[in-house]
Amino acid sequence: MSTGIIIIDKPQGWTSQDVTARLRRVFNTRRIGHGGTLDPMATGVLPVFVGRATRGVEFFEHARKEYIATLRLGLLTDTEDTTGEVLETRPVQVGQAEVEAVLTQFLGKQLQVPPMYSAVKVGGKKLYELAREGKTIARQPREIEILELELLSCRGDDYDLRVVCSKGTYIRTLCKDIGLALGCGGCMAALRRSAAGSYTLQEAVKLEELLEKSGRGEDVEHLLLPIDSMFPDAPPHMLTPNQAKVCRNGGKFSTPLTDGKYRLYQGGEFLALGKCENGVMSTIKSFFEVN
């Protein structure tokens, strides 16, 4: 069975679910998940977890993301991006200096109200379903963090921003809020995810190229990255045969290692992500194949 992680460069017009559904056929398995939803209009890094690698999706949910977004000033829409219905247009009387100055207000931890056109559930129903019914309801703000925010370039009323942020950040809403802070309003005109966790566009495979290779019958499994690539900050540790046996049985064992997380191996096989506390190693999540 195929196992590993493939970094897809998602094209515009595809949902994240569209991508995983298509890759189930490519890799002939139902065990597939993705790391971080991208809106259909967005492109870029979409990590897809195949086979046993799906056990690691939960760790990836909290990975920081990097985006290149285009903020269009003077335009307000119901979806907070240019795919939506225009609510209002306003004159833009600010320039690059004003935009750069206001960006500092959005750095750090803050509360963000999720947009109505989002998959957040309220009362068991997704917000976008309510929005399509013409309903607008109060939403609870969520804590997010903007770690880096810089202006890359500008063209007329379009401003390209680089954003490094925490899980759960809506870049559409960030663009809207920046526009409101400038007094002219704004929305998101384009979005490209350039990194998710440690994975970047340099490792990404264009979806159309992958599908073409698979359609020609070419082997695409070599494009899968190993599961342990998810944990670059955890140092590797080789287990003795006895320790490996304990690890495979879900037990704990003594070790002289310092406290922290480790990638645990037996020979060349990645067995588990482990945690050492007070000289005792325990398993956080196992990834070995069960016979």
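Strand S15 (residues 236–238) and strand S17 (residues 260–266) run parallel and are joined by three bridges. The structure is a predicted model.

**Strands around S17**
- Pro236 has Arg263 of S17 as its bridge partner.
- Arg263 in turn is the bridge partner of Leu273 in S18.
- Seven bridges connect S17 with strand S18 (residues 269–277), and these two strands run antiparallel.
- Two residues separate S17 from S18 in a hairpin, and Gly267 in the turn has a positive phi of about 65 degrees.

**Helix H1**
- Helix H1 covers residues 16–26, and its buried residues include Ser16, Val19, Thr20, Leu23 and Val26.
- These residues lie on the same side of H1, because they cover an arc of only 110 degrees around the axis.
- An α-helix has 3.6 residues a turn, so residues three or four places apart point the same way.
- Strand S1 (4–10), strand S2 (32–34), strand S3 (43–50) and helix H6 (207–215) are the elements against which the buried residues of H1 pack.

**Thr169**
- Thr169 is located in the loop between strand S11 (158–165) and helix H5 (171–182).
- With a relative accessible area of 10%, Thr169 falls under the 20% cut-off and is therefore buried.
- A polar atom of the Thr169 side chain lies 3.0 Å from the backbone oxygen of Ser166.
- Apart from neighbours within four places in sequence, Thr169 is in contact with Gln112, Ile144, Glu145 and Ile146.

Methods:
Residues numbered from 1 in each chain as written. Predicted model: local features only at pLDDT ≥ 70, side-chain atom pairs only at ≥ 80, totals over all residues. Heavy atoms only, no water. Pairing = 2+ DSSP bridges. Helix = DSSP H or I, 4+ residues; strand = E, 2+ residues; numbered from the N terminus. Buried < 20%, exposed > 50% of the residue type's maximum accessible area, 1.4 Å probe, protein only. Arc of directions from axis to C-beta. Contact = heavy atoms within 4.5 Å. Polar contact = N/O pair within 3.5 Å; in protein donor to acceptor, adjacent residues only side chain to side chain.
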